[in-house]
Amino acid sequence: MTTTDLKLDQPGSLPRPGPVGRLVRFGFGAFCAWYVIGLVQISGQLMSGEGSLRPLIWNGLPAGLFLISYVINIGFSRPWKKWPALVSAGAFLALAGFGYLASGSLETPLLARSVWIWELYIFSHLGLAFLISGLIATPGCEMRALHDLYTRLTGVPTKEHYCPVGPLGPIDRWEAGLKAK
């Protein structure tokens, strides 16, 4: 199984994060919020004076392409593997190619606006998920935080997902081990 595969576990099968896991989730949520605020602040000037995309937009692209498959697959319970990343990268390459044919430059306002909107969505969704996950101690992956919140509000159980990347899974297992001792 690849790490972007959707593997939903039964409700209650994963440990809830302890204080350290929750604090780390808040930290990641704050970082995403900081990035989104930066994106909003440059919304009127996505291109630099030299006609290139602002560095803030370029800086979020690699991380966004890495994260989008997790955000979509786990957040929306879709078994689409790496397709969200591949479709996004293909769309950006097509927009850059169109820009080059139309204006002689790969970096165009159309590409800048498209990447900006895409990043705004990804990092807003991810940041909100981290903050909610830290607040309500969602077990496993933060991308299931809205599902966990739904369960708490309605009583309808939703499935859980382990954290496929990053430090959250090991931190949660470590804290669960401390509780067991």
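Does Lys7 count as buried, exposed or partly exposed, and what is its relative accessibility, is asked here as: which class holds Lys7, and at what relative accessibility? In this predicted model, Lys7 counts as partly exposed, at 33% relative accessibility. The side chain of Lys7 forms a salt bridge with that of Asp9, at 2.8 Å from N to O. Asp9 is buried, its relative accessible area being 15%.

The side chains of Arg16 and Asp148 meet at 3.3 Å, N to O. This pair joins distant parts of the chain, 132 residues apart, with Arg16 in the loop between strand S1 (8–9) and H1 and Asp148 in helix H5 (residues 145–154). Asp148 also meets Arg152 in a salt bridge of 3.4 Å, N to O; both residues lie in helix H5, four residues apart, about one turn of the helix. Asp148 counts as buried at 8% relative accessibility, whereas Arg16 is partly exposed at 36% and Arg152 is partly exposed at 40%.

The largest nonpolar core comprises 33 residues, and Ile57, Phe123, Leu126 and Met143 have the most contacts inside it. Helices H1 (19–41), H2 (55–75), H3 (83–103) and H4 (109–136) each give two or more residues to this core, with the largest share, ten residues, coming from H4. Beyond four places in sequence, Leu126 touches Cys32, Leu67, Val71, Glu142 and Met143.

The largest pocket holds about 360 Å³ of space. Its lining has 21 residues, of which Phe28, Leu67, Leu126, Phe130 and Glu142 are the closest to its centre. H2 gives the most to this lining, with five residues. The lining divides into 18 nonpolar, two polar and one charged residue.

Methods: Residues numbered from 1 in each chain as written. Predicted model: local features only at pLDDT ≥ 70, side-chain atom pairs only at ≥ 80, totals over all residues. Heavy atoms only, no water. Core = buried A, V, L, I, M, F, W, Y, C linked by side-chain atoms within 4.5 Å. Buried < 20%, exposed > 50% of the residue type's maximum accessible area, 1.4 Å probe, protein only. Contact = heavy atoms within 4.5 Å. 1 Å grid on protein atoms, 1.4 Å probe; cavity = no way out; pocket = protein on both sides within 12 Å on 5 of 7 lines; lining within 4 Å. Points joined across faces, edges and corners; volume = space filled by probe spheres on them. Nonpolar A, V, L, I, M, F, W, Y, C, P; charged D, E, K, R; others polar. Salt bridge = Lys/Arg side-chain N within 4 Å of Asp/Glu carboxyl O.
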